[in-house]
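Hi there,

Here is the structure I promised to pass on. Have a look at it first, and then read my notes below.

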Amino acid sequence: MDTWRVLELETNDCATNMAIDEAILTHISDGKSPNTIRTYRWNPSTVSIGYFQSVYEEVDIEACQSKGVDVVRRITGGGAVYHDYEGEITYSVLVRDNDPKIPKDIIESYHLICKGIIYALNDIGIDATFKPINDIISGTKKISGNAQTRRKPNKETVMLQHGTILRDLDVKKMFSVLRVSKEKISDKLIEQVEQRVTSIRRELGDTLVDFETLKDALERGFSKALSIQLERGTLTESEKELAVKFKAEKYGAKEWVFKR
C-alpha cells in the first residue's frame, strides 16, 4: 500500500493557504516531495475566486473591507466561494498525475477523490453522494464543492484538487460579500439557496461537529478511497521558503488578485 504525507490541520490567511498549495505542487513536480493531503481553515474569512473570474464582477469589495473579509484568486477554475472561519473545513489533495491511482478522465478523478469526502461524511452520520462534475450532495442539497487543476511547473505534471465541506452555513453573510444586488437579497432568494445548499450542522439536527473530528474523518476517508496509508509529516524548509515567495509575489499581490 502506498504511503502519502498528511499535514496537520492549520489555520492561515488566504494568501498563505494558496501559496502552500502551490509550493507543495511545485516540489512534487520536482520530485522533492511526496503526494500530500492537507486540511486547513481561513482566518480571516475569505472569498476565493476562480482563476478565470473578475473580482469586480464576483465580489463586493467594499463589503469585504467593512467586514474584515479577505479576497484571493485560486489557480483552479470554478466560481466564487465564501470561506467562513467557523463555517467550513477545506482540504487539498496533491498527487503526481502519472500516479496509477489517478484516472486520466477528469470526472473519474473527481469522483475518486470525492469518495474520500463521502466516506468522511458517512463516518459522522451523513449520507452523501457524488454529483458530477464536482459536487457532493446530501439528499438533493450541495454540502461540498471542489475544484481541480493539473500543472507542470517543472519535471512532472501534478494534480491539485481542493474543496470545501460546509460545517455551518450563513447565507445572508455569504451574499453580503458576493456581488449580488441588494434588491435581490430577499428572504425568498435566501430560502431558495437554503433549499439547494446544506451543512453538516443542518444534516445532524443542529449538531456542530468540531474541526479535529472533521479532520480525522477526512483523513480516514481519503485513506480508504485512495487505498493509501497516511504518514504524519510537515512542510520542508524548502516548501516553506517557496510558500513565502508565492505569498509575497503572487497570492498577496493586487496584480494577481485583480488580474482580470
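A word on the ground rules before the tour. This is a predicted model, in which local features need pLDDT of at least 70 and side-chain atom pairs count only at pLDDT 80 or more, while totals for chains, interfaces and linings use all residues. Residues are numbered from 1 along each chain as its sequence is written, and side-chain values use heavy atoms, with hydrogens and water left out.

**Helix 9**

Helices (H or I, at least four residues) and strands (E, at least two) are DSSP runs, numbered from the N terminus. Helix 9 covers residues 237-251, and its end C-alpha atoms are 20 Å apart. That agrees with the 21 Å that its 15 residues should span at 1.5 Å a residue; the expected span is 1.5 Å times one less than the number of residues.

Which residues of helix 9 are buried? They are Glu239, Leu242, Ala243, Phe246, Lys250 and Tyr251. Here buried means under 20% relative accessible area, exposed over 50%, and partly exposed in between (1.4 Å probe, protein chains only). Seen down the axis of helix 9, its buried residues fall within an arc of 105°, so they line one face of the helix; the arc is that of the directions from the helix axis to the C-beta atoms. Glu237, Glu241, Val244, Ala248 and Glu249, on the other side of helix 9, are exposed.

The buried residues of helix 9 pack against strand 1 (2-7), helix 1 (14-29), strand 5 (70-73) and helix 10 (254-257).

**Phe246 and Thr26**

Phe246 lies in helix 9 and is buried, at a relative accessible area of 15%. If residues up to four places away in sequence are not counted, Phe246 touches Ala19, Glu22, Ala23, Thr26 and Tyr251, where contact means heavy atoms within 4.5 Å. The C-alpha atoms of Phe246 and Met18 are separated by 8.5 Å, although these residues are 228 residues apart along the chain.

Thr26 belongs to helix 1 and counts as buried, at 10% relative accessibility. Leaving aside neighbours within four places in sequence, the contacts of Thr26 are Pro153, Asn154, Leu242 and Phe246.

**Salt bridges**

How many salt bridges does the structure hold? There are 22, each being a side-chain nitrogen of Lys or Arg within 4 Å of a carboxyl oxygen of Asp or Glu. Here are some of them, with N to O distances:

- Glu237 and Lys240 meet at 3.3 Å. These two are three residues apart in helix 9, so about one helical turn separates them. Glu237 is exposed at 53% relative accessibility, whereas Lys240 is partly exposed at 39%.
- Salt bridges that share partners also join Glu8, Glu212, Lys215, Asp216, Glu219 and Arg232 into one network.
- Lys104 and Asp97 meet at 3.6 Å. Lys104 is exposed, at 55% relative accessibility, but Asp97 is buried, with a relative accessible area of 13%.
- Asp206 and Arg201 meet at 2.7 Å. Asp206 is exposed at 54% relative accessibility, and Arg201 is partly exposed at 25%.

**One last item, on the surface**

Ile106 lies in helix 4 (residues 106-123) and counts as partly exposed, at 41% relative accessibility. Together with Ile107 and Ile133, Ile106 forms a nonpolar patch on the surface, with about 250 Å² of accessible area.
Patches are made of residues with over 30% relative accessible area and no salt bridge: like charges are joined within 9 Å, nonpolar side chains (Val, Leu, Ile, Met, Phe, Trp, Tyr) within 5 Å. Accessible areas come from the Shrake-Rupley method with a 1.4 Å probe, and for residues only the protein chains shown count as cover.

Best wishes
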